[in-house]
Amino acid sequence: MQAKKRYLISLLTGAFLVLLFYFGGGVPGPAATGSRSRHGYSRPEQPWPHFSDPLQHFSPWDQSDTEEYNVHISPRQKRDVNSSVYKGKRCRMQSCFDFSLCQRNGFKVYVYPQQKGEKISESYQNILSTIEGSRFYTSDPGQACLFVLSLDTLDRDQLSPQYVHNLKTKVQSLPLWNNGRNHLIFNLYSGTWPDYTEDLGFDIGQAMLAKASISTENFRPNFDVSIPLFSKDHPRTGGDRGYLKYNTIPPFRKYMLVFKGKRYLTGIGSDTRNALYHVHNAEDVVLLTTCKHGKDWQKHKDARCDKDNAEYDKYDYREMLHNSTFCLVPRGRRLGSFRFLEALQAACVPVMLSNGWELPFSEVIDWNTAAVIGDERLLLQIPSTVRSIHQDKILALRQQTQFLWEAYFSSMEKIVLTTLEIIQDRVLQQTSRSNLMWNSHPGGLFTLPQYSSYLGDFPFFYAKLGIKPNPKFTAVIHAVTPLVSQSQPILKLLVSVAKSQYCAQIIVLWNCDKPLPAKHRWPATSVPIIVIEGENKVMSSRFQPYDSIISDAVLSLDEDTVLSTTEVDFAFTVWQSFPERIVGYPARSHFWDNNKERWGYTSKWTNDYSMVLTGAAIYHRYYHFLYTNFLPNSLKSMVDQLANCEDILINFLVSAVTKLPPIKVTQKKQYKETMMAQVSEKKTHSSRWADPDHFAQRQTCMNKFASWFGGMPLVHSQMRLDPVLFKDQVSILRKKYREIERL
């Protein structure tokens, strides 16, 4: 009898397990391992089901509030849409990208010529203009590694006025389309109401997507690029800096957590925003929604609408944004939201509530250092979660939001260039950027891996690596006049510089039209003197990344500069503490001329400066590489044609990279008068300094450079560094740089 019972129990247990397995499907639970990005850190894992439907942005026409809104397409139709759009769902760089196109000419990007009669939005035109103005652009498709359509693919919502019809036929007719291979498609909005699927309306084939609001389900790792959703008013270049002007300790603001935006009464994206009132306390957690949007909102309003609308109107959004520690970024109709970039700029730490959203540039950016990744299903736990974050962590998160905003998101140009740089890193893997380069100042756009794969070769990472720059410098003297007398300033300068204990070698850049002087014409020194003929005898050649420069530091000098050995030693000692900046003697400044509404340049001696001229300055040799390879040919050609402004341009570049001013060090009182006296005696190339047109040209250069950089990168400073005990009433024997006071 007992055996029969045991047999019956075993049989029932087995049948139950079979049924459980059949209906349960073996779905992995929350313990499933997370995916890892290219550089090793884990992306926020989604142990729960993915959301395949993208969500709607704050659209001006708001189709979601029409009477037909509740009409949904069937699951079969949804599957058909996804299968038709993502035929290349398994595409990766190794399977759907032809690397051979990039081997001949490097990473070059071709933009299709715009077709007559095709409408194009301002935003997409800005994207194309950015590519055409970048160092990646080529007008020859035969040299291209990557192709970008001139057909506007940004807005693929069929109800949008920007929607381009018959795109499928137009794309397929392109002679270079090749099923999308090596093509990049930009998109901000896809699908339409009521479900807002990620349907672009045409088969993208093997093309890569640079897409906003893309889901992790449809995102193809190491192939697609997730970009942020930005408005049509987003600046094309430059962009405003972050709003964090100074760090407050402790880093708490008036509000702990805020949000202000639309509430959708029904349909996709409505659940999260409809539940926000549960955690709103009208004190330090202020989460405001309104259903007063769209033409038919009154037909669909619920019992909370009037109360929510009244509360919504009491608060100013900008005031909330700038006075909150955390900003909630919930999903809208689509996964992305304009609130994301707004929070970054305002140094309000984003709290993400958009399950299934592949965050912008997630392949290279570690968002755990700048945002809080929440879960829509755990909304009620959000307030307690953010309250538990330590103030040190909050300060670090806030600082990182400012870095990421200014490095990658403040303009369309930066968004587009970041996209191209990510793809270039995939193509040229041997020279790709490291995680530290992307996630620390100055960012991936200014850290070119073609210069070096070792972080210690860049001036920005010495402190992080715990190392110091090379203890020697290379002097580069720019010579433009023939050597006719043994009393010329350049010969005296050579002797003074060579006596420096920190001098490794001296390079004379011969940009003179006359032949090179014989070797015996140069003075005998304890360090080698290398004479190089300038490339094409142009001004930009003084910032070429010459292989002869063996040290980290470059002492840039004009041929008529008058410096003592002591002054050289002191300037180099200061630079060793600030290796990412320009350190030197002759200072200049810029100002805004309200009458002319343009930038002005001044050489007046004041307590304020924003530039240190390279006639007597020390900086890191990486800036030679950046000047040559980062700046556009248009600016360098302007400098060469004018034979002027090269010193201003490199100051613009260094300040744009560092976001810091240069550093002026002590100089002798008669420095300016000595220089002017020498100039007045000379009837050669240097007489341009006395030419009134020279000054006018520098004014023009300032405004041309500011236009390309998208704003004025120069930073004013009133700091001057003097030797210890400088001018103090103590014995001269106690002073290390005593010679400076005697000059």
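The legends below describe several close-up views of a predicted model, beginning with the whole chain. Because the model is predicted, local features are described only where pLDDT is at least 70 and side-chain atom pairs count only at pLDDT 80 or more, whereas totals for chains, interfaces and linings use all residues. Residues are numbered from 1 along each chain as its sequence is written, and side-chain values use heavy atoms, with hydrogens and water left out.

**View 1. The protein chain as a whole.** The protein chain holds 23 helices and 23 strands, taken as DSSP runs numbered from the N terminus (helices H or I, at least four residues; strands E, at least two). Of its 743 residues, 55% are buried, a term that stands for under 20% relative accessible area, with exposed set at over 50% and partly exposed in between (1.4 Å probe, protein chains only). The accessible surface comes to about 33,200 Å², and 53% of that surface belongs to carbon and sulfur atoms; the areas come from the Shrake-Rupley method with a 1.4 Å probe, and for residues only the protein chains shown count as cover. Among contacts (heavy atoms within 4.5 Å) between residues at least 6 apart in sequence, 76% join residues at least 24 apart.

View 2. The strands are in the order β1-β2-β4-β6-β7 with parallel pairing, where two strands pair if DSSP finds at least two bridges between them. At the edges stand β1 (109-111) and β7 (225-226), each with a single partner strand, so one side of each has no neighbour in the sheet. Strand β2 (residues 146-148) runs parallel to β1 and is joined to it by three bridges, and Val111 has Val148 of β2 as its bridge partner. Helix α4 (residues 122-132) packs on the sheet, where it touches β1, β2 and β4 (183-187), and its direction makes about 135° with that of β1. Helix α13 (residues 412-427) lies across β1, β2, β4, β6 (208-211) and β7, and runs at about 150° to β4. These angles, on a scale from 0 to 180 degrees, are taken between N-to-C directions of axes fitted to C-alpha atoms, for helices over the stretch in contact.

View 3. Leaving out residues up to four places away in sequence, Trp367 touches Phe340, Leu344, Leu359, Pro360, Ser362, Leu404 and Phe409.

View 4. The structure holds five disulfides, each counted as a pair of cysteine sulfur atoms within 2.5 Å. With bonded cysteines counted along the chain, the disulfides follow the pattern 1-2, 3-4, 5-6, 7-8, 9-10. Cys102 is joined to Cys145 with an S to S distance of 1.8 Å, and the torsion about their S-S bond is about 60°, so the disulfide is right-handed. The pair links distant parts of the chain, 43 residues apart, with Cys102 in the loop between α3 (93-96) and β1 and Cys145 in the loop between α4 and β2. Both cysteines, Cys102 and Cys145, are buried.

**View 5. The disulfide between Cys645 and Cys701.** The sulfur atoms of Cys645 and Cys701 are 2.0 Å apart, and the torsion of about 85° about their S-S bond makes this disulfide right-handed. Cys645 lies in the loop between α19 (633-642) and α20 (646-658), while Cys701 lies in helix α22 (residues 692-709), so this pair links distant parts of the chain that are 56 residues apart. Cys645 and Cys701 are both buried.

**View 6. Strand β14 and its parallel partner β13.** Seven of the eight residues of strand β14 (residues 503-510) are buried, so this strand is largely enclosed by the rest of the structure. Cys503 is buried, with a relative accessible area of 5%. Strand β13 (residues 473-479) pairs with β14 in the parallel sense over seven bridges, and Val476 stands opposite Ile507 in β14.
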